[in-house]
Amino acid sequence: MLTWMQSQIYCQGSLLDTVQKSKIYSDDKTFVDMKQKKSSQEILSDFQTLMDSTNGSPSQEQIRNFVSEHFEEGKELVEWDPPDWQKSPPRLNSIRDPDLRSWAHYLNDMWKELARRVSDDVKENPDRYSLIAVPNPFIIPGGRFREYYYWDTYWILEGILICDMKDTARGIIDNFAHLVEELGLIPNGGRVYYVERSQPPMFVPMIHSYTTYVKPHEAHSIIKQHIDTMDKEFSFWMNNRTVVVEKNGKSYTFCRYYAPSSGPRPESYTDDIETAEYAPTEEARENIFYQIKSGAESGWDFSGRWFIKDGKNTGNLSNIQTQYIIPVDLNAFVYWNAKILCRFHSMLHNQKKAQYYCTKANEWLDAVTEVLWHDDVGMWLDYDILNNVRREYFYPSNVAPLWTGCYKKERISIDKILAYLKENKIDRYPGGIPTSLDFTGERWDYPNAWPPLQGIMIQGLQQTEHPRAMKYAHDLATTWIQSNYKSYKTDGFMYEKYDASAPGRKGGGGEYEVQTGFGWTNGVALQLLMSYGETLQATPTASNQTSRRSAKSRKQRRRRI
Ligand SMILES: OC[C@H]1O[C@H](O[C@H]2O[C@H](CO)[C@@H](O)[C@H](O)[C@H]2O)[C@H](O)[C@@H](O)[C@@H]1O
């Protein structure tokens, strides 16, 4: 494993630097996903010969020839037919609108398209690949994301469980458990160049989801099998990602995203070099790489949410300071993990451990309430520990505590939360909830609308059981489903993200083209179809069209280009 992290081919070193900077591929991920035709030793020695014979600067043509002689497009993943897939999963019958029902069947078909297993060759020659082998097949997001991803899989799992693919779901969970045991963490995705960063902690919630779809004895069995591994993943976050914040003479522990590994991201090498181009010192340059990788760990890569300039979220990617921001959503997830683990340990009669996790859950609940909730704003807000200021910006992640139950009813106000959302006109965007209200050109900002964030906000509001919040959630779900459906009918695809300013339009921006497939999009759509399928319609009615009429023009005035 150590050799992987130090791979002089896929993770760091002169060969990687030379190939990526030559730009023989437009997407840097192409090279680091290739298979080695020879052993690492042979390749590195041949590379040295090339460098010696060209005075250290081979031409693009020579690099291209070198790569085609030593590498080939990976055959590391094989399409797989999930045996538990069925043509008409019974749950889909609850969707009343025939167009939406038929679309849901298309989403179910997509699981077959996105199912993969690791090829036998990877098992025989693991050191020739960047792929991290796992024992069972899995579902990929789609497009350039050909391997498994950590937080995407939470929504993928929900989607396949709705479609009754319990065995596939179990196999996927077992894969993640295997990764925790092997690596001590779940990496961002299934490649060696991802192992030094994780993604939002969703392993424990995945097991929790699974237990809600299976029989009690199956639930008990998976909890028992993976309880130590769940403890281990939780400890990874406690031991490596916590920071203490002082407020009013009291100390509060929080988690933040923090992935301090050296150098640019191998899969986006030249983008990162460009971002750090004007760093005044080598130390400042390395710091930008840390912060970029920490941003990737958050899953929000990238967003003004992680920029700090003069105490604000302005600037550009070179102002990224992810490790100094306490994210509301991450801490709401940590609370949720602790709460679930408390319950799981109680079920297994491990009273001491149950107590430990209950205490942790309460600590996080206190911290999120005391430091991140603001009664005067009516919202939770991220916190900047560099300047000790709250970050007064709208992000859907601000309401994550509603989704995970990380709030004290008597300390917050749903009415104020609704007033905040209304004031920011969050329900007026015709293509879904925007990721932020700032146009930065980054993928996790306006006008992009990402599926997991729709799920978090809609389900969070729904779960409050507050009538107006539930109505608001229903309206947001309607907008999202109709936008997804429109795009599917027009383009024939499901995208990884959409455009909040126009229904049915795909998202854009950032370092790569929008991808199709798409795992979490299909998972969230199926979840919403399950919750609202009795009332949702595939196309807008006159009333919900007019209510959103002017959001776009208002938004354009606020953009900061
Ligand atoms: O190659 C650039 C980055 O791509 C990934 O991020 C995006 O796709 C992931 C898979 O759908 C998703 O989990 C993430 O939230 C997206 O922003 C990858 O995770 C990054 O590490 C990578 O640098």
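**Loops, a sheet and packed helices**

Student: Where is Phe302 found?

Tutor: Phe302 is in the loop between α13 (282-297) and β8 (325-326). Helices here are DSSP runs of H or I with at least four residues, and strands are runs of E with at least two, numbered from the N terminus.

Student: Thanks! Before we go on, what am I looking at?

Tutor: This is a predicted model, where local features need pLDDT of at least 70 and side-chain atom pairs count only at pLDDT 80 or more, while totals for chains, interfaces and linings use all residues. Residues are numbered from 1 along each chain as its sequence is written, and side-chain values use heavy atoms, with hydrogens and water left out.

Student: OK, back to Phe302. Is the peptide bond from Asp301 to Phe302 cis or trans?

Tutor: The bond from Asp301 to Phe302 is cis, and its omega is near 0°. Tyr446 and Pro447 are also joined by a cis peptide bond, with omega about 5°. Pro447 lies in the loop between α17 (414-423) and β13 (448-449).

Student: What about phi of Asp310?

Tutor: Asp310 has a positive phi of about 50°, although Asp310 is not a glycine. This residue lies in the loop between α13 and β8. Asp310 is exposed, with a relative accessible area of 71%. Exposed means over 50% relative accessible area, buried under 20%, and partly exposed in between (1.4 Å probe, protein chains only).

Student: And how about Asn248, buried or exposed?

Tutor: Asn248 is exposed, because its relative accessible area is 73%. Its phi is near 50°, a positive value in a residue other than glycine. You'll find Asn248 in the loop between β6 (242-247) and β7 (250-255).

Student: Let's change topic. In what order do the strands of the open sheet come?

Tutor: The order is β3-β4-β5, three strands with antiparallel pairing. β3 (77-79) and β5 are the edge strands, each pairing on one side only. Strands pair if DSSP finds at least two bridges between them.

Student: How many bridges join β3 to β4?

Tutor: Three bridges join β3 to β4, and two join β4 (residues 115-118) to β5.

Student: What about Pro137, buried or exposed?

Tutor: Pro137 counts as buried because its relative accessibility is 17%. It lies in the loop between α7 (120-124) and β5 (138-139).

Student: Which residues is Pro137 in contact with?

Tutor: Leaving aside neighbours within four places in sequence, Pro137 is in contact with Trp80, Arg116, Arg117, Ile172 and Asn175. Contact means heavy atoms within 4.5 Å. Ile172 is 35 residues away along the chain, with 6.9 Å between its C-alpha atom and that of Pro137.

Student: On to the helices. At what angle do α9 and α10 pack?

Tutor: Helix α9 (residues 166-183) and helix α10 (residues 203-213) pack at about 155°, with axes 11 Å apart. That makes α9 roughly antiparallel to α10. Axes are lines fitted to C-alpha atoms, for helices over the stretch in contact, and angles run from 0 to 180 degrees between N-to-C directions. Under 35 degrees counts as roughly parallel, over 145 as roughly antiparallel, 65 to 115 as roughly perpendicular, and the rest as oblique.

Student: Which residues of α9 and α10 meet?

Tutor: From α9 come Lys166, Ala169, Arg170, Ile173, Phe176 and Ala177, and they meet Phe203, Met206, Ile207, Tyr210 and Tyr213 of α10. By class, this contact has nine nonpolar, no polar and two charged residues. Ala, Val, Leu, Ile, Met, Phe, Trp, Tyr, Cys and Pro count as nonpolar, Asp, Glu, Lys and Arg as charged, and the others, Gly among them, as polar.

Student: And how do α10 and α11 pack?

Tutor: α10 and helix α11 (residues 216-240) pack at about 175°, with axes 10 Å apart. So α10 is roughly antiparallel to α11. That contact divides into eight nonpolar, three polar and two charged residues.

Student: Last one: which residues are buried in α2?

Tutor: In helix α2 (residues 14-22), the buried residues are Leu15, Leu16, Thr18, Val19, Gln20 and Ser22. Their cover includes α3 (29-32), α4 (40-53), α5 (60-70), β2 (71-72) and α12 (269-275). After α2 comes Lys23, with a positive phi near 55°.
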